[in-house]
Amino acid sequence: MARIDILHPHTRSADEARTIVEGIAAQLREHYGLSGTWQGDAVVLSGPGLQGLVEVLPQQVRVSAELGFLLSALRGQVEGEIRRVLGERLD
């Protein structure tokens, strides 16, 4: 299994960052069939081939994920897409 751990800085308020993360989680639920539930300041995501969370921290968003066997082969692409979306939405 491959692991992804990304810290992305932001200058948004906690509420703005949370709203942005909720939008990202909604997209993931719709496009990839992931389930996502808020636990405190983090969205816990799970689905076929992925277990992870997106945590809203002061001045950072942290994405941590364990990729299953099939997604492990695409780790670089998955991580690149996560970084791109975070950059578009939070910068």
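**A friendly note on this predicted model**

1. At 60% relative accessibility, Gln59 counts as exposed, because exposed means over 50% relative accessible area, buried under 20%, and partly exposed in between, with a 1.4 Å probe and protein chains only. Gln59 sits in the loop between S4 and S5. Although Gln59 is not a glycine, its phi is positive, about 70°.

2. A word on the basis of this note. This is a predicted model, in which local features need pLDDT of at least 70 and side-chain atom pairs count only at pLDDT 80 or more, while totals for chains, interfaces and linings use all residues. Residues are numbered from 1 along each chain as its sequence is written, and side-chain values use heavy atoms, with hydrogens and water left out.

3. Now the overall layout. The protein chain has three helices and five strands; here helices (H or I, at least four residues) and strands (E, at least two) are DSSP runs, numbered from the N terminus. Along the sequence their pattern is β-α-β-β-β-β-α-α. With a radius of gyration of 12 Å, close to the 12 Å from the globule rule for 91 residues, the protein chain is as compact as a globular protein of that length. That radius is taken over C-alpha atoms, and the rule is 2.2 Å times the number of residues to the power 0.38.

4. Some totals for the protein chain follow. Its C-alpha trace spans about 35 × 25 × 20 Å along the principal axes. Of its 91 residues, 32% count as buried. Among contacts (heavy atoms within 4.5 Å) with a separation of 6 or more, 49% join residues 24 or more positions apart.

5. H1 covers residues 14–32, 19 residues in total, and reaches 26 Å from its first C-alpha to its last, close to the 27 Å expected at 1.5 Å a residue. The expected span is 1.5 Å times one less than the number of residues. After H1 comes Gly33, with a positive phi near 70°.

6. Which residues of H1 are buried? They are Ala17, Ile20, Val21, Ile24 and Ala25. These residues lie on the same side of H1 because they cover an arc of only 140° around the axis, the arc being that of the directions from the helix axis to the C-beta atoms. The face turned away from this buried side carries the exposed residues Asp15, Thr19 and Glu30. The cover over the buried residues of H1 includes strands S2 (35–39), S3 (42–47), S4 (50–57) and S5 (60–67), and helix H3 (75–90).

7. The largest nonpolar core has 21 residues, and Val21, Leu45, Val54, Val61 and Leu86 have the most contacts inside it. Such a core is a set of buried Ala, Val, Leu, Ile, Met, Phe, Trp, Tyr and Cys residues joined through side-chain atoms within 4.5 Å. Strand S1 (2–9), H1, S3, S4, S5 and H3 each supply at least two residues of this core. H1 gives the largest share, five residues.

8. Leaving aside neighbours within four places in sequence, Val21 is in contact with Trp38, Val43, Val54, Val56 and Val61. Val43 lies in strand S3 and, at 1% relative accessibility, counts as buried. With neighbours within four places again left aside, the contacts of Val43 include Val21, Ala25, Trp38 and Val54.
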